[in-house]
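Please study the sequence and the structure before working through each solution.

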Amino acid sequence: VSKFNIDGSDRTQLNWKQISVPEVFPIPAQKPDIEHLDQVFVKVKLTSVRLVETPFSYTQTCRIATTFEIDSALAAINAADIDPALITAITTAVDAIVAVPGLPAIPAVANLQAAATGVTTAATNLATAVTNAVAALAEPDLCVTDVVAALRSVLSALETLQTALNNLIAAGAALVTATAGDLVVGPLVAAAVATLNTAINAVLTIVNTALQDIVDLIAD
C-alpha cells in the first residue's frame, strides 16, 4: 500500500478504529494446513503521515422566524427605547449640581461630569442600536439567528447604559460625601443629588425591565 485517504466529507469514514488493507503475500513451499493459518505477522513502516485539519460544513438549514417571534422581538426592542426627555432630566440635574453656589472645584465634581457624559453617550448608542435592530427585523425571511442577533445588539447597549447609570449614582454619592463637611454647600449638594437619583432611577427601571425581557426572549 503506497497511500490511502480518508474523505472527511463522508461522515461514515470519520468514525473508524481499524483500517483494512487487503494484501497478497507468499506462502512457504511446505504450506501448513489452512486451519493452522490463524495469524499472520507483518512489518509496517509508516514513511509519512499527514493530517490536514480544515473546517468542514455539512449542509444546514436555518429555521425561518415566525411572525410571533419577530413581533415579540420588535416589542422588546421598542420597549428598550429610552425617551430622550428622561436623559435630558438627568443632564439637567447634573447641571444643577455643578451650579450649586460655592461648590469647590474638586475631583468629585469632574468625576460626576464625566459619568454624566458616559450616560449620554450610552443612551445615544442605545438609540442607534434600537434603530438598527428594528431595521434588521424588517428584512424578509429572517432566520431565528438573525432575530437573536438583533436582540443581542440591543441587550449589549442596554448593559452599557445600565453600567453608566450606576456609575453616575456612585459619582453623585461620592460628591455628597466629599462636600458633607461644608454646612452650606453640603445640604445643597445632597438635595440636588437626590433629584439626580430620582431621574436616574426612572431610566434604570426601564433599562432593567427591558434587559430582563430581552434575556427571557433570547432564551425562548
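On a 1 Å grid over the protein atoms alone, a pocket is an open set of points where a 1.4 Å probe fits, with protein on both sides within 12 Å along at least five of seven lines; lining residues have an atom within 4 Å of a point. A volume is the space filled by probe spheres set on the points, which are joined across faces, edges and corners. The model is predicted: local features need pLDDT of at least 70, side-chain atom pairs count only at pLDDT 80 or more, and totals for chains, interfaces and linings use all residues. Residues are numbered from 1 along each chain as its sequence is written, and side-chain values use heavy atoms, without hydrogens and water.

**Exercise 1.** Describe the second largest pocket.

Step 1. Its space amounts to about 180 Å³.

Step 2. Among its lining residues are F68, V144 and L217.

Step 3. Helices are DSSP runs of H or I with at least four residues, numbered from the N terminus. The largest share of the lining, 4 residues, belongs to α4.

**Exercise 2.** Determine where the buried residues of α2 lie around its axis.

Step 1. Buried means under 20% relative accessible area and exposed over 50%, with a 1.4 Å probe and protein chains only. In α2, the residues I87, I90, A93, V94 and I97 are buried.

Step 2. Directions are taken from the helix axis to the C-beta atoms. The buried residues of α2 fall within an arc of 120 degrees, so they line one face of the helix.

Step 3. Exposed P84 and D95 are on the face of α2 turned away from the buried side.

Conventions: Helices (H or I, at least four residues) and strands (E, at least two) are DSSP runs, numbered from the N terminus.
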